[in-house]
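Subject: Structure for your files

Hello,

Please find the structure below, followed by notes on what turned up in it.

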Amino acid sequence: MTLTLAACAALDAAPNPLAGAAAAFAPGAPGTFYFDANSIGPMPAAVPQRLAALLNDGWRVARRRSWNEADWLAQPRALGAALAPVIGAGADDVLVCDSTSINHHKLLHLALCVAKARRTIVIEDGAFPSNRYAAQALVKRGVAGLRSIRSAAALAAALAPGDVAVVSLSHVDYRSGERLDMAALTACAHEHGALVLWDVSHSAGAVAVHLRQANADLAVGCGYKYLCGGPGAPALMYMHPRWQAAAWPALAGWMGHADTFAFAPEFEPAAGMARFQVGTPAVLANAAFAAAADIWRKVDMAALHERHRSLTETLVQLVDEHCAPLGVVLAGPRDHARRGGHVALRFAAPQASVNALGQALVAAGVVVSTRQPDSLRFGIHPLTTQHADLWWAVQRLAGILQSNVWREPRFQGASI
Ligand SMILES: *Cc1c(COP(=O)(O)O)cnc(C)c1O
């Protein structure tokens, strides 16, 4: 049975426990449909006021007093506690600081410290570039060896020699959108004595992440994608309590000292996650992220995941009905349990690049992104996307395919 606009609208009209959260976001550009939450999540409506208050009351008036009178130094831990339920973590096991790339460096280094004689890092060929570069930098410094695997299916074989310190895995592939089985792969690594460092950038805030339940050791996650922390927002850093006191941080700094304002000449790590802070927190960025954290505190996570399932299954069905006959098909998993935040499409004909198609869609008001070689990504934010938006977007996609407008020279440039 074909899915009509009326059926999509009916899904949107049904009682939705997340409606309050949806209303807490500012609308985007009129006439556009935004499916790029996997690049930059939508803006909480409270952000401008929050920043204005911080600039005026905190910086202009109170100046230095704000360090004591406002929550500036506590924000990395307060934000971590607010976001912990989104990734299935304990409130004290998450810190919001630095960038995903930097936190990945910190955690790889920590894993090598606690792994003693084991020196090998295992990582996928197709992992996000920063994550591979962090591993390569440790190899260059002579402190680690690298074993690349084609996919997670090769993990057990890569672990077999018994020399692996840590496995670095993306929970969701940033191109295909494929989601790995976190609990099963973590158990596999543990059987072989290795730690696992998960990157949850493309799952946190969209689909279920249960770090503690999966017994994950370490994790990082991007703050500015589905979590809506704002452009360049600080990143999530998770550590299972069993590792938090196991070693010194790779990047020891005064904000990680047990007594920061004692200005002691010797580093003494703070208790818990606090030791992994390095320098002064990014106060302006944290104030923006705090507006998103206020929304996340109220989100029913089961309802969030269910809505993401409903939205992405609607998109897949619409693409099957309207676009598959025109040569564009699903590139990622069909089963929602194996899919992350975005739905990836591709041309059925392998030589046709989706780059121009993505540009034509953006010009038609459907904001999507593309990744080489052949992934057209619809990043679905479960708090702000409507089922009817998907219907309209797929009509525009079908129209572009029918008219062949995407073949015009203006859409053939390099993409962002
Ligand atoms: C977006 C993304 C990052 C972002 O890293 P930054 O340090 O914020 O630039 C990291 N890992 C993955 C898998 C990502 O998708």
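Where is the place of Pro-373? Pro-373 sits in the loop between strand 12 and strand 13. A cis peptide bond, with omega of about 0°, joins Gln-372 to Pro-373.

Some conventions before the rest. The model is predicted, with local features needing pLDDT of at least 70 and side-chain atom pairs counting only at pLDDT 80 or more, while totals for chains, interfaces and linings use all residues. Residues are numbered from 1 along each chain as its sequence is written, and side-chain values use heavy atoms, with hydrogens and water left out.

Overall picture

The chain has 14 helices and 13 strands (DSSP runs numbered from the N terminus, helices being H or I of at least four residues and strands E of at least two). Its radius of gyration is 22 Å, which agrees with the value near 22 Å for a compact globule of 416 residues (taken over C-alpha atoms; the globule rule is 2.2 Å times the number of residues to the power 0.38). The C-alpha trace spans about 70 × 60 × 40 Å along its principal axes.

Of the 416 residues, 52% count as buried (under 20% relative accessible area, with exposed over 50% and partly exposed in between, for a 1.4 Å probe and protein chains only). The accessible surface comes to about 17600 Å², and carbon and sulfur atoms account for 58% of that (Shrake-Rupley method with a 1.4 Å probe; for residues, only the protein chains shown count as cover). Among contacts between residues at least 6 apart in sequence, 71% join residues at least 24 apart (contact means heavy atoms within 4.5 Å). The mean positions of the 34 positive and 30 negative charges are 5 Å apart (Lys and Arg positive, Asp and Glu negative, His and chain ends not counted; placed at NZ of Lys, CZ of Arg, CG of Asp or CD of Glu).

Five of the five residues of strand 13 are buried, so the strand is largely enclosed by the rest of the structure. In a regular strand the side chains alternate between the two faces of the sheet. Here Ser-375, Arg-377 and Gly-379 point one way, Leu-376 and Phe-378 point the other way, and all are buried.

Helix 13 (residues 355-363) is largely enclosed too, because seven of its nine residues are buried. The buried ones are Asn-355, Ala-356, Leu-357, Gly-358, Gln-359, Ala-360 and Leu-361. Their cover includes strand 9 (328-330), strand 10 (342-347), strand 11 (366-367), strand 12 (369-371), strand 13 (375-379) and helix 14 (387-403). Just after helix 13, Gly-365 takes a positive phi of about 85°.

Strand 8 and its partners

Strand 8 (residues 235-239) is mostly covered, with five of its five residues buried. On one side lie Ala-235, Met-237 and Met-239, on the other Leu-236 and Tyr-238. Strand 8 runs antiparallel to strand 2 (residues 94-97), with four bridges, and antiparallel to strand 7 (residues 218-221), again with four bridges.

Val-164

Val-164 is in strand 5 (residues 164-170) and counts as buried at 1% relative accessibility. Beyond residues up to four places away in sequence, the residues that Val-164 touches include Arg-118, Thr-120, Val-122, Gly-193 and Ala-194. Gly-145 is 19 residues from Val-164 in sequence and 9.0 Å from it in space, C-alpha to C-alpha.

Backbone exceptions

Most residues other than glycine have a negative phi, and most peptide bonds are trans. Arg-63 has a positive phi, near 45°. Arg-63 lies in the loop between helix 3 (47-62) and helix 4 (66-69) and is exposed, with a relative accessible area of 57%. Asn-404, in the segment after helix 14, has a positive phi of about 65° and counts as partly exposed at 34% relative accessibility.

Regards

Key: Two strands pair if DSSP finds at least two bridges between them.
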